[in-house]
Amino acid sequence: MTPFFTGIEEIKLGAVVGDRHAHPKETFEQREIDAALGVFLLSNKPEFVCDLDDRFDLPSLNEKRGASLMGTLPPDPDQDVFDEIQAGKDSLSATWNIVDRDNARHIRAGHKERTYDPYKLVCIGNHTDFLNRLTKKHHSIKKILSVETVRKIYRERNFVVAEYMQPAIAGGISFKHLVPSKMLRGLAI
């Protein structure tokens, strides 16, 4: 796959966010990681933030865990792909709303120069890619649900989107969700 170049030649301080796997059934304590990440980003202000995705866990599309839509194992009756997408969206919002509120405060005070707006990159992960597998199997639902659904959520938050398995180059470092080998493995953080 053709590499995606960010145009960033040097990274003084960057943050790489690993697989979040937000899920509708997670506990309050599990969801707190999102707000903690927002506080961390705001406190440290890295100029570059790379999200390695899988924020949208999408177990209802995971063929290895009883996917209700993919028709493999018997479905879990509680699975709902729209709730799962909403959980991922809520996770992303919980992180970046902290930054947005602080930026709004600076703008109200007339200090736009104090706002924090890093370069944000997301490398689409294998769980988001379940949506590509879904539309290959059930092509007639592309207008209702596809990987574009998740792309739009990230773009609304001003993320640049690198596709699944596409290497994204920033500051001479190659970022992507999985490392290709005989058995795909997650990128070590």
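**Cavity, pocket and helix contact**

Me: What elements each supply at least two residues of the lining of the largest cavity?

Reply: Helix 1, strand 3 (48–51) and helix 2 do. Helices (H or I, at least four residues) and strands (E, at least two) are DSSP runs, numbered from the N terminus. The model is predicted: local features need pLDDT of at least 70, side-chain atom pairs pLDDT 80 or more, while totals for chains, interfaces and linings use all residues. Residues are numbered from 1 along each chain, and side-chain values use heavy atoms, without hydrogens and water.

Me: Which residues line the largest cavity, and what makes a residue part of a lining?

Reply: Val17, Leu37, Leu41, Val49, Asp51, Arg55, Thr95 and Trp96 line the largest cavity. A lining residue has an atom within 4 Å of a point on a 1 Å grid; in a cavity a 1.4 Å probe fits but cannot get out, and a pocket is an open set with protein on both sides within 12 Å along at least five of seven lines. The largest cavity holds about 30 Å³ of space. The count is one cavity of 30 Å³ or more.

Me: What is the class make-up of that lining?

Reply: The largest cavity has five nonpolar, one polar and two charged lining residues.

Me: What describes the packing of helix 1 and helix 2?

Reply: Helix 1 (residues 28–44) and helix 2 (residues 81–108) pack at about 35°, with axes 7 Å apart. Helix 1 passes helix 2 in a right-handed crossing. The contact (heavy atoms within 4.5 Å) includes Asp34, Ala35 and Leu37 of helix 1 and Ser91, Ala94 and Thr95 of helix 2.

Me: What lines the second largest pocket?

Reply: Its lining includes His23, Pro24, Glu26, Arg31, Asp34, Ala87 and Asp90. Helix 1 and helix 2 give two or more residues each. The second largest pocket has a volume of about 170 Å³.

Me: Why is the pair of Phe56 and Tyr154 called edge-to-face?

Reply: Phe56 and Tyr154 lie 5.8 Å centre to centre, with 75° between the planes. Rings pair if their centres lie within 6.5 Å; planes under 30 degrees apart are stacked, over 60 edge-to-face and the rest tilted, so this pair is edge-to-face.

Me: What parts does that pair tie together?

Reply: Phe56 lies in the loop between strand 3 and helix 2 and Tyr154 in helix 4 (residues 147–156), so the pair ties together parts 98 residues apart in sequence.

Notes. Axes are lines fitted to C-alpha atoms, for helices over the stretch in contact, and angles run from 0 to 180 degrees between N-to-C directions. A crossing is left-handed if the near helix is turned anticlockwise from the far one by less than a right angle, and right-handed if clockwise. Grid points are joined across faces, edges and corners, and a volume is the space filled by probe spheres set on the points. Ala, Val, Leu, Ile, Met, Phe, Trp, Tyr, Cys and Pro count as nonpolar, Asp, Glu, Lys and Arg as charged, and the others, Gly among them, as polar. Rings of Phe, Tyr and Trp (its six-membered ring) pair if their centres lie within 6.5 Å; planes under 30 degrees apart count as stacked, over 60 as edge-to-face and the rest as tilted.
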